[in-house]
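Thanks for taking a look at this one with me. Here are my notes, written for someone opening the file for the first time.

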Amino acid sequence: MRKISLLLLAFQCITLSLLAQVKLDHLKTENLSNPIGLDVVQPYFSWQLISDQRNIAQTAYEIRVAEDVAALTKGSSWASGKISFNQSIHVPYKGAALTAGKKYYWQVRVWDNNGKASAWSAVNHWQMGLLKPTDWKAQWIEPGYTEDKEFAAPLMRKEFSTGKKIKSATAYITAHGLYEAQINGKRVGDAYLTPGWTSYNKRLQYQAYDVTNLLKDGANAIAVTLGDGWYRGNFSFDHRRNIYGKDIALLLQLDIVYTDGTTATIASDASWKSSTGAIRSNGIYQGEVVDATKEKIGWTVAGYDDKNWSAVKTSNASKDILVATYNEPIKKHETFATLKVITTPKKEKVIDFGQNLVGWVQLKVKGKAGDTIKVSHAEVLDKNGNFYTENLRNAKAQAVYILKGNGEEIFEPHFTFFGFRYIKVEGVATELQPQNFTAIALYSAMQQTGSFTSSDSLINQLQHNIEWGLRGNFVDVPTDCPQRDERMGWTGDAQAFFRTATFLRGVNNFFTKWMKDVSADQIKNGSIPHVIPNVLGEEGWAAGGSAGWADVSTIIPWEMYLVYGDKRILENQYSSMKAWVGYMQSKSKNDLWNTGSHFGDWLFYTMADDNDGNAAITNKYLIAQCFYAYSTQLLINAAKELGKADDVATYTALLQRIKTAFLKEYTTPNGATMSNTQTSYVLALQFDLFPEALRQQAADRLVNNIKQYGNHLTTGFLGTPYLCHVLSRYGYSDVAYTLLLQKTYPSWLYPVTKGATTIWERWDGIRTNGDFQAITMNSFNHYAYGAIGDWMYRVMVGIDVEDGTVGYKQIRIKPHIGGKFTHAYADYITQYGTLSSGWKIENGKLTLHAFVPANTTATIYIPAAAATDVLESGQPLALVKEIEVVGKAKEYVVVKVGSGKYEFSTAYTAKQ
Ligand code: RAM
């Protein structure tokens with residue numbers, strides 16, 4: 001009896017697992033979970049299928065949308081019906097027009113390839129933002145008093161009462177400058193440096209917040225502090241004030257819905273009051289001065305007496321340029337406790353946080369009223385161990401706090417950020433107490449998507465440094481550096497690092513937003529400025545158009561499409577891409593683009609005794625011609641995707657001519673480049689400028705050059721991202737590994753051996769003798785050279801999209817084993833779910849782990865001589881029904897699999 005029931009139970013379990021339903025999770029609207037304040041009128045939905053089973057795919061879906069949860073089940077406002085379609089990402093809403101400010105609920109269910117329906121997903125929601133200028137009832141308001149010379153941060157306040165029970169309340173806020181808002185003494189949201197940075201005169205973001213829980217019955221108060229920020233604070237190389245305008249202003253609208261269905265709006269208007277308080281000055285480069293004795297106690301709550309405050313001035317500043325916030329706002333992330341308290345040889349009191357980060361330090365202090373504490377920031381100590389700030393150039397980067405003297409006081413700045421690992425503290429008479437200092441990292445709150453680990457601890461540190469390069473420089477805009485008086489959105493750096501960034505974080509929305517600024521700031525003749533948002537002007541040098549920088553306009557949209565598979569990026573950027581190619585064409589003669597000023601292979605390695613035909617200096621026009629070809633190729637790719645046949649034909653013919661002109665001008669008949677440098681071969685090979693017959697010899701020349709430099713790279717910003725890719729493509733992964741593991745300068749690991757915790761701007765920011773590179777340009781947090789991260793994910797562990805496909809629906813896993821590593825492993829969260837690849841060599845056996853997300857398939861390349869040499873989870877390949885052996889490709893056995901977890905093993909002898 002017992003036996004029978006056990007058998008029955010086992011049978012039930014088996015049937016249950018055979019029929020297990022897929023679960024749906026990670027629902028996103030416009031790539032965000034439950035976003036508030038969208039102005040995309042036809043939002044896109046995505047979801048993930050979760051299943052333990054192998055080979056799970058979606059065959060159909062159904063979405064329903066309603067204005068409240070209950071309505072979802074009884075007559076939603078939009079139901080897609082069952083749609084036979086295998087896409088679970090970027091599925092457009094197709095219901096009736098959406099209303100500004102309204103919240104919508106949605107859920108989805110799917111049918112899988114076993115014919116089984118999932119349950120309906122959990123209910124998710126999104127809320128529309130204000131969609132047109134007339135949706136704004138608020139007026140722009142400016143402080144009504146005369147500002148002082150230091151531009152103390154304006155405070156603006158308004159009291160109001162709510163008469164009835166509140167159902168929901170949404171605040172829409174933006175500023176000329178930066179803002180921090182409070183309602184009844186509580187901070188609105190957890191975003192910092194809002195409204196972020198865009199090309200303010202053309203596109204100004206507002207944020208939307210659900211503030212239902214901050215309001216109360218009866219008297220309420222809204223209190224907003226404004227900072228100068230990028231809008232009007234000192235910024236750019238010349239520390240120019242008022243780049244976007246002289247005014248500092250607030251636009252705020254609070255829309256309340258009562259439970260009885262009536263509504264009320266509290267909006268910035270002439271009835272608001274203004275004054276100043278504790279923040280006496282603030283600026284992105286200089287830092288902040290906070291005088292606690294000047295705090296207006298109680299100003300953020302109702303009942304405060306503001307009769308001595310000035311009435312605000314209203315202004316007619318534009319509301320036509322307002323846009324919702326599409327990317328993730330800047331938030332607080334990791335915190336760092338004091339690692340060490342140091343007294344330097346110069347007797348400076350210094351705290352070491354152990355990590356070069358971007359953000360600020362929270363300080364706890366006790367003292368007398370009027371005591372002044374100064375906190376200065378530095379990335380490094382000099383070779384004598386003293387605090388070193390010269391590389392910050394003229395950025396003061398200092399937080400100053402004046403105590404009010406009533407017990408413990410907690411300070412942190414509001415409208416600035418610092419790039420630092422060390423702080424110097426002045427004004428504290430006693431020993432510094434480690435527990436009084438906490439460093440807080442601030443950056444755009446993008447989802448972490450990648451993690452990489454290997455058997456080499458220096459390489460793991462390199463990965464760490466790459467990640468921290470991203471964190472420190474993704475502060476709403478992709479910047480070059482976060483510490484000196486620069487911090488701008490350099491286009492070349494952004495394109496060089498983009499593909500690596502996609503592995504580390506979900507950067508889809510971050511870059512979609514920034515690319516809109518690229519288009520907005522594109523110059524009429526098609527040129528792209530060097531930095532976006534463009535604060536350098538449009539004249540002369542500032543008009544941009546530098547090869548490898550301006551090509552951001554084609555490179556990022558195309559790569560973004562490859563990675564995320566959302567065609568809208570190509571649709572939106574196409575005219576900008578075309579205008580950039582048009583610019584190069586207009587500056588070319590006989591299809592040769594050899595005019596204009598270019599940064600070239602920026603910060604490449606140079607050595608005085610470059611001779612014997614070796615050189616690291618690549619001709620700038622040779623580089624320009626390479627990028628001219630590449631951008632044209634990407635434009636053709638985009639035109640194909642968008643069905644623009646005429647453009648495909650026109651630009652294909654142009655590309656052919658560009659390549660011919662390149663060969664004629666810059667190469668010998670035997671295929672040597674005129675510059676004969678690593679970068680010249682790397683670019684010409686990466687962008688397919690050589691005819692097939694000359695490619696391998698060019699790769700051989702590249703390797704030869706690397707050897708001539710004692711197995712060192714000599715590339716700069718433009719050659720470095722592609723260097724190892726080109727080597728691997730032409731069969732030289734061993735050389736790529738040698739470069740990766742090279743510890744002496746110039747190399748990726750040299751800074752690591754010098755204790756770097758981020759990527760440096762220069763290969764030798766700290767020279768071998770401990771001296772620093774030129775103070776004029778020596779950032780220790782600059783992501784460009786971190787572009788090697790892409791090779792580590794795409795080649796070393798081998799995670800990639802299948803050729804000719806986009807968005808990781810069809811995956812290729814093709815690891816390249818080498819460099820004496822015994823294991824390397826990466827997880828990467830695609831839009832379909834986590835994709836993993838990792839290999840391990842132990843006792844003559846290679847194990848290859850792969851996890852393929854549901855609703856995707858993968859081609860996996862297993863390093864083995866024959867399919868019969870390979871086991872999967874202990875079974876011969878031929879016996880595993882979910883695996884199709886496709887054949888052999890050089891040293892790999894190639895298999896095709898559906899989703900699920902796989903563990904391949906085979907005997908393996910490491911190549912020496
Ligand atoms: C410096 C920085 C930046 C680079 C430009 C050309 O300002 O190194 O990263 O893009 O030069």
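1. A word before you start: what you see is a predicted model. Please keep that in mind while reading every value that follows.

2. To get your bearings, begin with the domains. The protein chain is split into domain 1 (2–127), domain 2 (133–324), domain 3 (330–410 + 418–444), domain 4 (450–797) and domain 5 (799–907). Note that domain 3 is given as two segments, 330–410 and 418–444.

3. Next, turn to domain 2 and domain 3. Their centres, taken over C-alpha atoms, are 29 Å apart. Contact between them involves 16 residues of domain 2 and 20 residues of domain 3.

4. How much area do domain 2 and domain 3 bury between them? The value is about 1400 Å², with 60% of it on carbon and sulfur atoms. On the domain 2 side, Y192, V290 and A292 lose the most area to domain 3, and together they make up 32% of what that side buries.

5. The same interface has polar links too. Two salt bridges are counted between domain 2 and domain 3. As for the side of domain 2 that touches domain 3, its residues comprise eight nonpolar, four polar and four charged.

6. Now for the ligand. Which residues surround it? They are D480, R484, E486, W490, D493, W549, F599, W602, F717, E761, M777 and H782. By type, this shell holds six nonpolar residues, one polar and five charged.

7. In D493, a side-chain N or O atom is 2.4 Å from an oxygen atom of the ligand. For E761, the distance from a side-chain N or O atom to a ligand oxygen is also 2.4 Å. W602 places a polar side-chain atom 3.1 Å from an oxygen atom of the ligand. Of the 290 Å² of accessible area that the ligand has on its own, the protein covers 97%.

Key: Residues are numbered from 1 along each chain as its sequence is written. This is a predicted model: local features need pLDDT of at least 70, side-chain atom pairs count only at pLDDT 80 or more; totals for chains, interfaces and linings use all residues. Side-chain values use heavy atoms; hydrogens and water are left out. A residue is near a molecule or strand if one of its heavy atoms lies within 4 Å of it. A polar contact is a pair of N or O atoms within 3.5 Å; within protein, one must be able to donate a hydrogen and the other to accept it, and residues adjacent in sequence count only if both atoms are side-chain atoms. Accessible areas come from the Shrake-Rupley method with a 1.4 Å probe; for residues, only the protein chains shown count as cover. Ala, Val, Leu, Ile, Met, Phe, Trp, Tyr, Cys and Pro count as nonpolar, Asp, Glu, Lys and Arg as charged, and the others, Gly among them, as polar. Domain bounds come from an automatic or database domain assignment. Contact means heavy atoms within 4.5 Å. Buried area is the accessible area (1.4 Å probe) that two parts lose on being put together, summed over both. A salt bridge is a side-chain nitrogen of Lys or Arg within 4 Å of a carboxyl oxygen of Asp or Glu.
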